[in-house]
Amino acid sequence: MDNENRLTPAALKAQQAIEQLVQFALQRELIQPADYDYSRNVLLEQFSFSEPYAGEIEDAVPESPQAPLDVLIDYGFEIGLIPENSDTYRDLLDAKIMGLLVARPSEVNAEFFRIAGEQGIAAATDRFYKLSIDSNYIRMDRISKNVYWLQDSPYGDIEMTINLSKPEKSPKEIAMARLLPPPVYPKCLLCRENVGYAGRVNHPPRQNLRVIPLELSSEQWFFQYSPYVYYNEHCIVFHHDHVPMKLTKATLGRLLCFVETFPHYFIGSNADLPIVGGSILTHDHFQGGRHTFPIQKAPKEDTFTHVSYPGVSISIVKWPMSVLRLNSGDPAVLLECGNALYEAWKAYSDPEAEVLAFSEVAGEMQPHNTVTPIVRRAEDGSFEMDLVLRNNRTSEEHPEGIFHPHREMHHIKKENIGLIEVMGLAILPGRLKEELDAVAEILAGDTDRLVAVKSDAGHPLAGHAGWIQELAERFGTSLGREEAVKTVQNEVGMKFTHILEHAGVYKRTPEGQAAFHRFVRSFGAK
């Protein structure tokens with residue numbers, strides 16, 4: 001009772017939150033019973049308490065760590081542990097707190113390999129994924145706010161998401177980050193040195209990050225989960241060293257090696273050229289997970305064989321982008337075929353189809369052709385490799401990229417079409433949540449907003465003005481609210497399907513498919 005009389009209500013709530021958090025950590029096996037008092041004490045020290053909460057904790061152990069964390073972060077701001085109560089600084093303290101409640105990397109690694117040896121690799125990834133969620137490294141509270149819907153298309157259902165899981169920085173934080181020197185340590189977000197790193201304004205905290213060492217083709221790599229989880233068990237496999245992405249035969253070999261060890265996961269790589277490549281080309285990495293993407297469900301249209309690669313089938317897939325699917329029970333033969341096809345594509349030109357392998361820039365030959373490779377195990381246990389043909393040429397008409405979202409689509413998406421979207425999962429920017437809601441309000445009767453969009457070039461919806469006018473003409477402005485939302489989502493989904501068609505090298509026309517067959521035949525497939 002003396003303790004309660006000395007402390008403010010906020011301090012008492014913080015003490016209770018410490019008890020709840022330690023109980024949560026014990027229940028979820030982030031800590032062991034022998035760690036209980038130790039874990040409580042390190043949290044008490046963090047918040048300058050000399051003793052724990054003396055009363056009874058009436059609330060049940062929380063389902064998520066977020067509620068007690070929010071109480072502690074509020075109190076941390078009150079006592080000066082963070083200078084601002086912004087998402088960035090809250091995240092810095094959040095990870096610091098949870099980092100005190102997660103086992104050391106060596107202990108996590110030992111548990112992973114013990115479970116893999118005793119129960120199988122799927123049980124090991126189940127446990128590691130759960131640990132990544134329970135430690136709040138994967139922020140399920142934010143991911144649950146993402147908008148998701150399925151979009152019907154000529155290619156089957158396309159998965160649509162509006163990503164709200166990445167916290168936005170305030171203008172002040174952005175300005176502060178610009179004043180900081182370029183990062184020296186860690187060199188990037190994928191470096192192994194991120195494990196346990198406290199973070200800063202221009203680099204997220206990683207005290208609660210844990211990674212698993214892997215060997216792929218006799219090289220050292222690491223396995224972790226993405227904090228943003230765009231799909232089920234979204235993992236990242238990254239090189240031990242900070243080396244740039246480069247697609248080679250060895251790359252394809254590593255992908256096949258991974259699915260031999262992790263047969264329940266797919267794995268893929270972004271392309272290695274600008275415009276058609278991923279957002280981080282400076283550190284070699286792959287993305288994988290336990291998810292069946294729309295591309296995997298897409299049917300084969302034409303199937304070929306090659307005399308040099310017995311047992312390998314090569315199929316053109318019905319997909320908005322240009323996909324060759326290779327299948328074989330022998331990963332070694334599949335690797336040889338996949339690499340030969342990749343090398344053939346890198347050197348292939350067909351001006352009639354706007355495919356040029358090289359352009360001369362400042363006296364040097366600039367390559368344009370590459371692939372987005374995806375590897376998985378088929379239902380019968382065979383190995384399946386999708387090679388998505390990519391070309392990064394630009395033109396006067398399409399300066400951002402000929403095979404890139406064209407400008408009429410930029411109000412929805414103008415970023416690169418990377419691995420995840422190639423497979424049929426749209427990751428649309430968070431700004432669209434409010435913008436699309438506002439467009440739906442117009443279709444549901446907000447004609448004042450429609451007038452404002454037309455008349456004000458600085459209106460928040462000005463980038464959508466032409467599209468909004470088209471929607472209003474087609475659907476009117478008296479839809480029910482729910483119907484308006486579904487209509488807008490459907491229209492966005494169809495736009496994304498067209499975006500994938502823009503990114504396809506060979507168009508879904510008779511001429512485009514004839515050009516696709518010309519390439520396959522040039523490779524020697526029959």
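Biologist: How much of the accessible surface of the protein chain belongs to carbon and sulfur atoms?

Modeller: Bear in mind that this is a predicted model. The accessible surface of the protein chain comes to about 23300 Å². Of that area, the share belonging to carbon and sulfur atoms is 52%.

Biologist: What radius of gyration does the protein chain have, and what would a compact globule have?

Modeller: The C-alpha trace spans about 85 × 65 × 45 Å along its principal axes. For 526 residues, a compact globule would come out near 24 Å. The protein chain agrees with that, having a radius of gyration of 26 Å.

Biologist: What percentage of the contacts with a separation of 6 or more is between residues 24 or more positions apart?

Modeller: Some background on the fold: the protein chain has 18 helices and 15 strands, and buried residues make up 54% of its 526 residues. Among contacts with a separation of 6 or more, residues 24 or more positions apart account for 65%.

Biologist: Which residues of helix 16 does helix 14 meet?

Modeller: Helix 14 covers residues 431-443 and helix 16 covers residues 465-475; they pack at an angle of about 35 degrees, with axes 10 Å apart. Their crossing is right-handed. From helix 14 come L436, V439, I442 and L443, and on the helix 16 side they meet W467, I468, L471 and A472.

Biologist: Is E491 buried or exposed?

Modeller: E491 sits in helix 17, residues 481-503. Leaving out residues up to four places away in sequence, E491 touches W467, L471, R474 and F475. Its relative accessible area is 7%, and the cut-off is under 20%, so E491 is buried.

Biologist: How far apart in space are E491 and Q151?

Modeller: In sequence, E491 and Q151 are 340 residues apart. In space, going C-alpha to C-alpha, the distance is 9.3 Å.

Biologist: What about N339: which residues is it in contact with, leaving aside neighbours within four places in sequence?

Modeller: N339 has its place in helix 12, residues 331-346. At 12% relative accessibility, N339 counts as buried. With those sequence neighbours set aside, the contacts of N339 are T248, K249 and L252.

How values were computed: Residues numbered from 1 in each chain as written. Predicted model: local features only at pLDDT ≥ 70, side-chain atom pairs only at ≥ 80, totals over all residues. Heavy atoms only, no water. Axes fitted to C-alpha atoms, helices over the stretch in contact; angles between N-to-C directions. Helix = DSSP H or I, 4+ residues; strand = E, 2+ residues; numbered from the N terminus. Left-handed = near helix turned anticlockwise from the far one by under 90°. Contact = heavy atoms within 4.5 Å. Buried < 20%, exposed > 50% of the residue type's maximum accessible area, 1.4 Å probe, protein only. Rg over C-alpha atoms; globule rule 2.2 N^0.38 Å. Areas by Shrake-Rupley, 256 points an atom, 1.4 Å probe, with all protein chains shown as cover.
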